[in-house]
Amino acid sequence: MKAKVWLVKCWAILACALTFGTIFFLFAYIFGKGASAITWEFLTESPKGMIIGTEGGILPAIVGSAWYTGIACLFGAVLGICTAIYQVYYCRSQRTAERIALVMKCMAGVPSIVMGLFGYTLLVLTLGWGKCILAGGITQGVMILPFIEVRAEKALREVEGDLVHASYALGVSRAYTLRRIVLPRCLPQIVSGVILGACYAMGAAAPLIFTGAVIISKVPEDVMKPAMALPYHLYMLLTQGVSPENAYGTAFVMMMIVLVTNSLATWFTWRKKV
Amino acid sequence: MSDTVIKLCDFGAAYEKKTVLEGVSTSIRRGRITAIMGPSGCGKSTLLKAMNRMLELQGGASIRGSIHLDGQDIQSIPVDELRRRVGMVFQTPTPFPLSIYKNMTYAPLYYGVHGKQKLDEIVRENLEITGLWDEVKDELDKSALKLSGGQQQRLCIARALTAEPEILLLDEPCSALDVKSTQVIEQLLLQLKERYTIVIVTHNLFQARRIADDCIFMLGGELWEQNTTEELFSNPQRPETKDYLHGAYA
């Protein structure tokens, strides 16, 4: 019996060490390899060189990714949070609620490249927008919508029923209760859900391949024009064998952005508990 | 104005298929404190929640029969208006996670009261009624969650009063409080009955006896016996009531 406990304990510690080790190695490796590529020029200039990407920087991709992610967040957050509010506070029929939940689950399960295909068919071709930031952003928005919805719904359901009932007992409407009690109460979790969604969108190249991302562009100014994006740039640099060193640099920048936004999300949720 | 404020006609309620109330017919009289008592699970809380239709918020609840407020069927009154007229205080204090001041202006702001002066007046007046004013007047911006349990419950009563109800329903308001706070709240209720009709659910016989004018004794989802408090306690008509009053169901 004692040996068994000891064995399980060892196994757990080993698994833990392995997980942390892998993550640590991943970060250390990319940071180690990429750090040398990071210069002021790399962060503030456009890609240059005989083969584009061997020299210069990635500024258009950084700004482009910010645009894509911003639009994705706006789109995903508005729809996701509204769906969650409907699910928890307005939906009267059990069947409708179950169906919405099912749709959300299915959406969450759709591979991101298929999302890209969907965006391409609907936005790029049918609506005739062509490849552009808006099409790419919305496609990513659809991708993170279920991600945000699930977290927002969970946050809404965690608001104490007593408080909500106490508010109703004063004869005030659901909308007023939501605005004054419920949303302020779960805002930190919802915001952190949106930020996590942003990280997810930021790292996804697949939805952008058909809908917005290009090999080279200026620093984007117009949402109806295509633009570079960090993950796609990374993909191009590596698959075309352009410059592995700059690819690591790009990965480094991307991971730093994700790390910072992620910490922001954690801080947001954590702040509420204190 | 007639003497009866709330009238129940053959009222029944069920959760899913389980009947919790059956054939309750009674009247609640104006300007008096009516206590509803009975052993756990007798349906006393359900009866109270039916009076301002809070019962509807519980999934799977269904009702039969009717409840009239001043002669009007409560199902035909818009639910928001009904709940404004029939305020409610819960078993555990439910202060909103806002400042004391914002707790008190929560309902008035919704009902369109504007202007700091008017709001200040409402806050002060209702906190004074509940005796909380002197205790908190210097820290109205403090979170209501920082108050003691008894203070929180008085705040909830004061908050219920800001909606200017005619009737106040209280669901075992003292069960989570200590003796001292209970005393304060009982005194408060005795003052309030001059302006409001009060219905209080309690499992505490002594409390019912101390403050109630009328008593309703519930048993197994039925209204077993109803009378003035004095009459019910001194001369119960049915043997089960007598047993209950002597502690048989404790």
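In which sense do strand β7 (residues 167-171) and β8 of chain B pair, and over how many bridges? The two strands pair in the parallel sense, over five bridges; strands count as paired if DSSP finds at least two bridges between them. Helices (H or I, at least four residues) and strands (E, at least two) are DSSP runs, numbered from the N terminus. The model is predicted, so that local features need pLDDT of at least 70 and side-chain atom pairs count only at pLDDT 80 or more, while totals for chains, interfaces and linings use all residues. Residues are numbered from 1 along each chain as its sequence is written, and chains are lettered from A and ligands numbered from 1 in the order in which they are written.

The chain passes from β7(B) through helix α7 (residues 179-192) of chain B to β8(B), in a β-α-β crossover that is right-handed; that is, with the strands pointing away from the viewer, the path from the first strand over the helix to the second runs clockwise. Strand β3 (residues 33-37) of chain B also pairs with β8(B) in the parallel sense, over four bridges. Ala35(B) stands opposite Ile200(B) in that strand.

Strand β8 of chain B spans residues 197-201, and five of its five residues are buried. A residue is buried if 20 or more other C-beta atoms lie within 10 Å of its own, exposed if 12 or fewer, and partly exposed in between, with C-beta atoms placed from the backbone. Both faces of β8(B) are covered, with Thr197(B), Val199(B) and Val201(B) on one side and Ile198(B) and Ile200(B) on the other. Val201(B) belongs to this strand and is buried because 25 other C-beta atoms lie within 10 Å. Beyond four places in sequence, the contacts of Val201(B) are Ile36(B), Lys44(B), Ser45(B), Leu48(B), Leu170(B), Asp171(B) and Glu172(B). Two residues are in contact if their C-beta atoms, placed from the backbone, lie within 7 Å.

Chain B also holds an open sheet of four strands in the order β2-β1-β4-β5, with antiparallel pairing. Its edge strands are β2 (18-29) and β5 (72-73), each of which pairs on one side only. Strands β1 (residues 4-15) and β4 (residues 61-69) of chain B run antiparallel and are joined by eight bridges. In this pairing Leu69(B) is the bridge partner of Ile6(B), and Arg64(B) is that of Gly12(B). Two bridges join β4(B) to β5(B), again antiparallel, with Asp73(B) as the bridge partner of His68(B). These two strands form a hairpin with two residues between them, and Asp70(B) in the turn has a positive phi of about 50 degrees.

Chain A contains 11 helices and two strands. From the N terminus on, its elements run α-α-β-β-α-α-α-α-α-α-α-α-α. Its C-alpha atoms fill a box of roughly 70 × 65 × 30 Å, taken along the principal axes. Of the 274 residues in chain A, 43% are buried. Among contacts in chain A with a separation of 6 or more, 75% are between residues 24 or more positions apart.

Helix α8 (residues 174-203) of chain A has 30 residues, yet its end C-alpha atoms are only 38 Å apart, short of the 44 Å that a straight helix would reach at 1.5 Å a residue. The expected span is 1.5 Å times one less than the number of residues. A kink of about 55 degrees lies at Leu187(A) in this helix, shortly before the proline Pro188(A); the bend is the angle between axes fitted to the seven residues ending at a residue and the seven starting there.

Between the chains, 19 residues of chain B are in contact with 14 residues of chain A. On the chain B side, α2 (79-85), β6 (86-89) and α3 (100-110) are the elements that give two or more residues. The most comes from α2(B), with four residues.

The largest nonpolar core has 142 residues, of which Ala229(A), Ile36(B), Ala160(B), Leu169(B) and Val199(B) touch the most other members. Helix α6 (residues 133-158) of chain A supplies the largest share of this core, 13 residues. Such a core is a set of buried Ala, Val, Leu, Ile, Met, Phe, Trp, Tyr and Cys residues joined through C-beta atoms within 7 Å. Not counting residues up to four places away in sequence, Ala160(B) touches Leu170(A), Gly87(B), Met88(B), Val89(B), Pro165(B) and Leu168(B).
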